[in-house]
Amino acid sequence: MIYRETGNFVTNYFKDREIFPLKFDKIIVILGLLVLYLYVPTTSEYTLSAHVVPILAVGLATVGLNILTGLTGQLSLGTAGFMCVGAFSTYNLMLRIPENFMSLPVALLFSGIFAGLVGVIFGLPAIRIKGFYLLVSTLAAQYFVWWFFNSYAWFLNYESSGVVAIPPKMYDYWGLGNLLGIDMQGYPARYVLALTVCLALTYFAKNLLRSNTGRNFMSVRDRDIAASVMGISVPRTKLLAFFVSCFYCGVAGGLYSFCYIGNVDLMIYEIDRSFTILFMLIIGGLGSISGSWLGAIFVYEFPIVFTWIGDTIFQGAFNTAVVENVSNMVYGIFIIALLIREPGGFAALWATTKQKLRMWPYPH
Amino acid sequence: MSDILKVENVTLTFGGVKAITDISFNVKEGEICAVIGPNGAGKSSMLNVINGVYLPQIGTVTYDGVERRSINPRDAAIAGMARTFQNIALFQGMTVLENIMTGRNLFMKSSWLEQGLNIGRARTEEKVNRLAVEKVIKFLQIESIRKTPVSKLPYGLQKRVELGRALVAEPKILLLDEPMAGMNLEEKADMSCFILEINKEQGITTVMIEHDMGVVMDISDHVVVLDYGKKIGDGTPSEVMSNQDVIDAYLGVSH
């Protein structure tokens, strides 16, 4: 069977709305899910901990930022701050609520809601101001959150070092560890949790994007006056975008701390991370959910691949400083090149490639 | 027939500039009312006052029996006003279908959670409203471009899509800001047909700003003439054509 779109006709409008209209797509998705759930957890712990899990966490944050910036057109530099709220909320919910009532997935859900509410508070200025001026508010969110958790040691359970390791028992939820006889703190279990959360939230975002809410978001981005004239409440839409976006960032923060690094550490939620996620978004493509994942994979993997090239071909000629600087330069070049040539980012490049292949070899 | 829209003594100023001075006129239910006047006469400002984008300093707008000093654009939409803009205000990043679907947003009652999970009302609403949208797409004969991003469409078609977006909201009154500006003769004829059909078949009251006098005189039932923010003429097309003030405003007077 070959992959082709011709000969696939939709016979009613409802079928036209399917996420995967082609039968072949559905098969690929099922195969992909099988690989993700059955093969990937059996790969090495290094692969999971150094590549897959962190990409899942930052990718989810990129999807969150995409909802706010790509879909609704509200610029934000507070991503890491909202992730920080998510990470600290997850930890404190697990710590302070008796084990019988709280489990990691539920804590992630609630920390997402907390982050969302914090996002709504810092999103309030968006009702009156637009564009670059809004950056100031989200920048304030970033610094305020950081200062807040830095000032009140209660949130870190009075840990003097400023970093608190997550106790193993926090990973064991719903008695799954005993039931399945696996180590819930191990990376395969953490990976499956992160993957499930990411898939569910990506599906949610995709549905939102192609429903009325998503259209309202985009209408506010494209022409807010026309949107209000059509009966869309612009303030409500903007605040909803802040809530949903920050929910995603909060959950991503929880995943980053719990599933990836295994401790709660303020230092990793500094402004640099907000910028990195913004780079992922721009390189991947504003407004495209799959683009967010592509951007996250590219930006996260580039330094790793670059180091690997240095180690294998140039006998370790690149030290960490070189890698970091080169990475930043490459991101910069990519962003500039994409902004000039293809503002839609990787997602648009992919769409163009698909279009070209469809026409190949007769491009007219 | 009763008046669906009554504009009474509206004055709108921007700082020291008087955009509209003490204008009153009525629009009867079911008619096509054309608002004409030279550039800068305050026609677009008038529409903006009617559907609440601008807040007039003095005066009231009575719509559907409710007298208001100002209305919020969203409430105006809920009350059944839809409009198009002079310099097309389509959502450029969206396709034709998405743009017109957005026009149905007031019919979508499901919450964002239902929509995100794609369950319950969200699924059926999307289907039911798509049918309404497809009717409008068919009416405007834009079936072949429904999946095209609007930014890639030529100007005339964009105007048509914008009309569709307003029409799909099933309004009681349609405010059209220069629906035929910049079009060639055929496109104007098409657009006139659409407007007449909307008005006569669907009974939607239409207030239209237009510069093409041929079109205005042909299709409108009632003409309001503005000049320098003041109303200088009001009546049937033939009355307005013979009004000396209107002739002076358009052709100039010798001093």
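Me: Before I start, what should I know about the numbering and the model?
Reply: Residues count from 1 along each chain as its sequence is written, while chains are lettered from A and ligands numbered from 1 in the order in which they are written. The model is predicted, so to speak of local features takes pLDDT of at least 70 and side-chain atom pairs count only at pLDDT 80 or more, whereas totals for chains, interfaces and linings use all residues.

Me: How many residues of chain A are in contact with chain B?
Reply: A contact means C-beta atoms, placed from the backbone, within 7 Å. Here 26 residues of chain A touch 32 residues of chain B. Helices (H or I, at least four residues) and strands (E, at least two) are DSSP runs, numbered from the N terminus. On the chain A side, α7 (187-209), α8 (212-222) and α9 (224-229) each give two or more residues, and α8(A) gives the most, with eight.

Me: How do the residues on that side of chain A divide?
Reply: Ala, Val, Leu, Ile, Met, Phe, Trp, Tyr, Cys and Pro count as nonpolar, Asp, Glu, Lys and Arg as charged, and the others, Gly among them, as polar. That gives 11 nonpolar, 10 polar and five charged.

Me: Now a helix pair: at what angle do the axes of α11(A) and α13(A) cross?
Reply: Axes are lines fitted to C-alpha atoms, for helices over the stretch in contact, with angles from 0 to 180 degrees between N-to-C directions. For α11 (residues 271-284) and α13 (residues 320-341) of chain A, the axes come within 9 Å and cross at roughly 40°. Under 35 degrees is roughly parallel, over 145 roughly antiparallel, 65 to 115 roughly perpendicular and the rest oblique. The two helices are therefore oblique to each other.

Me: Which residues meet there?
Reply: F279(A), I282(A) and I283(A) from α11(A) meet Y331(A), F334(A), I335(A) and L338(A) from α13(A). The contact divides into seven nonpolar, no polar and no charged.

Me: And the sheet in chain B, what is its strand order?
Reply: Strands of a sheet pair through backbone hydrogen bonds, either parallel or antiparallel. Pairing takes at least two DSSP bridges. In chain B, six strands form an open sheet in the order β6-β7-β8-β3-β9-β10, with mixed pairing. Its edge strands are β6 (81-83) and β10 (230-235) of chain B.

Me: How many bridges join β9(B) to β10(B)?
Reply: Five, and the two strands run antiparallel. D227(B) has K230(B) in β10(B) as its bridge partner.

Conventions:
Two residues are in contact if their C-beta atoms, placed from the backbone, lie within 7 Å.
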